[in-house]
Amino acid sequence: MRKLTRPAEPATLAIARQNYNGTPSQDEAWKKFDKNEVRTKLKQAQNNLCAYCEVSLSSNTRIDHFKPKKLHYSLTFDWNNLTLSCDEIGSCDNKKGGNFESYWINPYLDDPNGKFEFFANGQIKGTSQDAQNIIKDFGLDCPNLESKRKSIFTTLLETILALI
């Protein structure tokens, strides 16, 4: 996870928010809303990576409501509440589900730098109890992500050794 810079809000989202904000029909409106412009802007801002674990996003990636619609329906069309999350089994949006905890890090609003330590074997550790909870809540320690991190570290190490 790294700090992200949010681009300008898509016009279609601002219009939808004006039309539906605060109404009980927001969930239905979100289902019907054309999300292509939102998805495109978020993909560009996130370099086509998951906002939480930074794996490459698939073409059918879900737009994640950082604070879930079911708990915070007034944030359904809030640009600052939207991220793209991977669909990796056991991590990120699949693991987070429709939950929310106050200690979670929204990478568009909060800087996660220094919150996590990464190791050559692919493991990740939090530098605080909140960071440890984030790892658990988002599944950032799932075997698939550990394997990907270990592979990246191994490739980096081989590249460095080849230069010596």
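Trainee: Which residues form one aromatic cluster?

Mentor: In this predicted model, Tyr-52, Phe-66, Phe-100, Trp-104 and Phe-138 form one aromatic cluster. For the chain as a whole, count the pairs.

Trainee: How many aromatic pairs does the structure hold?

Mentor: Nine. Take Phe-66 and Phe-100 as a worked case. Two values describe the pair: 5.7 Å centre to centre, and 75 degrees between the planes.

Trainee: Why is the pair of Phe-66 and Phe-100 edge-to-face?

Mentor: Planes over 60 degrees apart count as edge-to-face. The planes of Phe-66 and Phe-100 are 75 degrees apart, so the pair is edge-to-face.

Trainee: Where in the chain do Phe-66 and Phe-100 sit?

Mentor: Both are in loops. Phe-66 is in the loop between strand E1 (62–65) and strand E2 (82–85). Phe-100 is in the loop between helix H4 (92–96) and strand E3 (116–118). The two residues are 34 residues apart, and their pair links distant parts of the chain.

Trainee: Is Phe-66 buried or exposed? And what is Phe-100?

Mentor: Phe-66 is buried, at 5% relative accessibility. Phe-100 has 22% and counts as partly exposed. The cut-off for buried is under 20%.

Trainee: On to charges and rings. Which ring does the charged end of Arg-6 sit over?

Mentor: That of Trp-79, with 5.1 Å to the ring centre. There is another case: the charged end of Lys-35 lies over the ring of Trp-30, 5.1 Å from its centre.

Trainee: What about Arg-149: which side chain of opposite charge is nearest?

Mentor: Glu-146, at 4.7 Å. A salt bridge needs a nitrogen and a carboxyl oxygen within 4 Å. Arg-149 is therefore buried with no salt bridge.

Trainee: What is Arg-149 in contact with, leaving aside neighbours within four places in sequence?

Mentor: Six residues are named here: Phe-118, Gly-122, Gln-123, Ile-124, Leu-140 and Asp-141. Arg-149 itself is in helix H6 (residues 143–163).

Trainee: Leu-161 is also found in helix H6. Is Leu-161 buried or exposed?

Mentor: Exposed, with a relative accessible area of 51%. For a distance, take the C-alpha atoms of Leu-161 and Ser-147: 21 Å, for 14 residues along the chain.

Trainee: Step back to the fold. How many helices and strands does the chain have?

Mentor: Six helices and four strands. Along the sequence they follow the pattern α-α-α-β-β-α-β-β-α-α. The C-alpha atoms fill a box of roughly 60 × 30 × 25 Å along the principal axes.

Trainee: What share of the residues counts as buried?

Mentor: 39% of the 164 residues. Then look at contacts with a separation of 6 or more: residues 24 or more positions apart account for 68% of them.

Technical notes:
Residues numbered from 1 in each chain as written. Predicted model: local features only at pLDDT ≥ 70, side-chain atom pairs only at ≥ 80, totals over all residues. Heavy atoms only, no water. Buried < 20%, exposed > 50% of the residue type's maximum accessible area, 1.4 Å probe, protein only. Lys, Arg positive; Asp, Glu negative; His and termini not counted. Contact = heavy atoms within 4.5 Å. Phe/Tyr/Trp six-rings, centres within 6.5 Å; stacked < 30°, edge-to-face > 60°. Lys NZ or Arg CZ within 6 Å of the ring centre and 35° of its normal.
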